[in-house]
Amino acid sequence: MNAQQALQLVPPFTREIAMQKVRRAEDGWNSRDPQKVSLAYTIDSVWRNRAEFVTGREAIVGFLTRKWQRELDYRLIKELWAFDVDRIAVRFAYEWHDDPGNWYRSYGNENWEFDLIGIMHHRYASINDLPIKEADRKFLWPSGRRPDDHPGLSELGL
C-alpha cells in the first residue's frame with residue numbers, strides 16, 4: 001500500500017476501508033515485529049488483552065515482545081465482524097506452540113477505536129486458548145504475511 005492509500009484509511013469507515021484496516025492489522029501482527037506493530041497505535045493507546053491492561057506504545061512493545069517469545073511459530077487470521085464511524089470489531093484465530101511443543105489455537109474478539117487520522121487509541125481483546133494436535137493445524141503458510149489465496153476464518157469453518 002502506498003502513502004496515498006494509507007491516508008485514505010481514516011474514519012468515517014466504509015466496509016472496504018474497515019476490511020483494509022483489518023488486513024493491515026493481520027499483516028502487521030504476522031510480522032511479529034513489536035516496533036512495527038506498535039506504530040498502528042497512538043502514543044497513549046489503552047489496551048485490555050485478556051486480563052492484562054496495557055497503556056502506551058512503549059508498554060505495547062514490551063507486551064508484544066513477551067508474547068512472541070512465548071507464542072512460537074505464531075500465525076494469525078483476522079476477519080471483520082462489524083464497523084461504525086470510528087470503530088471496528090473483529091474476530092480472529094491464531095495458532096502457536098510453547099517451548100515444550102504444545103500447540104494451541106487461540107480464538108478471540110477485538111473491539112478497536114480510532115482517532116481522526118486512523119490510528120488506534122483503544123483495543124479490547126478477549127481470547128481463549130484451545131489445545132490442538134500439531135496434525136490439526138490449519139495455518140500452514142511460511143512465517144510472515146498470510147498469502148492472499150489462503151482461506152480466511154469463515155472458509156476454514158472457524
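Tutor: This is a predicted model. R23 has a relative accessible area of 18%, and because buried means under 20%, R23 counts as buried.

Student: What does R23 form a salt bridge with?

Tutor: R23 pairs with E26 in a salt bridge, and their closest N and O atoms are 3.9 Å apart. E26 is buried, at 1% relative accessibility.

Student: Where do R23 and E26 lie?

Tutor: Both are in helix α2 (residues 15-31). They sit three residues apart, about one turn of the helix.

Student: Switching to R70 and E71. Buried or exposed for E71?

Tutor: E71 is buried, with 2% relative accessibility. R70 is partly exposed at 45%. Their side chains form a salt bridge with an N to O distance of 3.8 Å.

Student: OK, and R50 with D129, how far apart are N and O?

Tutor: Their salt bridge has an N to O distance of 2.9 Å. This pair links distant parts of the chain, 79 residues apart. R50 is in the loop between β1 (41-49) and β2 (52-55), while D129 is in strand β6 (residues 120-132).

Student: What about accessibility for R50 and D129?

Tutor: R50 is partly exposed at 30% relative accessibility, and D129 is partly exposed at 38%.

Student: How many salt bridges in the whole structure?

Tutor: The search finds 16.

Methods
Residues are numbered from 1 along each chain as its sequence is written. This is a predicted model: local features need pLDDT of at least 70, side-chain atom pairs count only at pLDDT 80 or more; totals for chains, interfaces and linings use all residues. Side-chain values use heavy atoms; hydrogens and water are left out. A salt bridge is a side-chain nitrogen of Lys or Arg within 4 Å of a carboxyl oxygen of Asp or Glu. Helices (H or I, at least four residues) and strands (E, at least two) are DSSP runs, numbered from the N terminus. Buried means under 20% relative accessible area, exposed over 50%, partly exposed in between (1.4 Å probe, protein chains only).
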